[in-house]
Amino acid sequence: MIIFGTRGYLYQLAILTMVCGWCGNPSAHTLRKKVTKFTLFFVPLFPFSTKFATQCTFCGGERQIPKEQAEQLLAQHAADQDGNPFGQSQQQPGYAPPGSGQNPYQR
């Protein structure tokens, strides 16, 4: 007896701030990638379906988007962060970048 089937995997790629098409609120949206893989004896072998979607965290509305648009949103998100994981590009008072040799607490 051969056991085969499918299994879905959901990956969260980014959290973006956009205006929702459903509720009209500017809110956070999760950019997700859903991959469905063919399995044989419960071992995932190869993907046969990949879909991208954004979901509003305010109202829960979800919208399917094409791969090209998902890649564009992901590239925009990476450019907005500028290497800072929190997305803040301005220096804060009392902060010295690591390795600068400056101690912000010394007078």
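**Figure 1. Overview of the protein chain.** Of the 107 residues in the protein chain, 21% count as buried, where buried means under 20% relative accessible area, exposed over 50%, and partly exposed in between (1.4 Å probe, protein chains only). The model is predicted, so local features need pLDDT of at least 70, side-chain atom pairs count only at pLDDT 80 or more, and totals for chains, interfaces and linings use all residues. Residues are numbered from 1 along each chain as its sequence is written, and side-chain values use heavy atoms, with hydrogens and water left out. The chain has one helix and four strands. Their pattern along the sequence is β-β-β-β-α. Helices (H or I, at least four residues) and strands (E, at least two) are DSSP runs, numbered from the N terminus.

Figure 2. Strand β2 covers residues 26-40, and strand β3 covers residues 43-56. They pair in the antiparallel sense over twelve bridges. Two strands pair if DSSP finds at least two bridges between them. T36 stands opposite S49 in β3. Two residues lie between the strands of this hairpin. In the turn, F41 has a positive phi of about 55 degrees.

**Figure 3. The hairpin of β3 and β4.** Strand β4 spans residues 62-65 and pairs with β3 in the antiparallel sense, over four bridges. T54 stands opposite R63 in β4. Five residues separate the two strands of the hairpin, and G60 has a positive phi near 85 degrees.

Figure 4. S27 lies in strand β2. Is S27 buried or exposed? S27 is buried, because its relative accessible area is 10%. Leaving aside neighbours within four places in sequence, S27 is in contact with L16, T17, M18, C56 and F58. Contact means heavy atoms within 4.5 Å.

**Figure 5. A nonpolar surface patch.** Strand β3 gives the largest share of the patch, four residues. L45 is in β3. L45 counts as partly exposed, because its relative accessibility is 49%.
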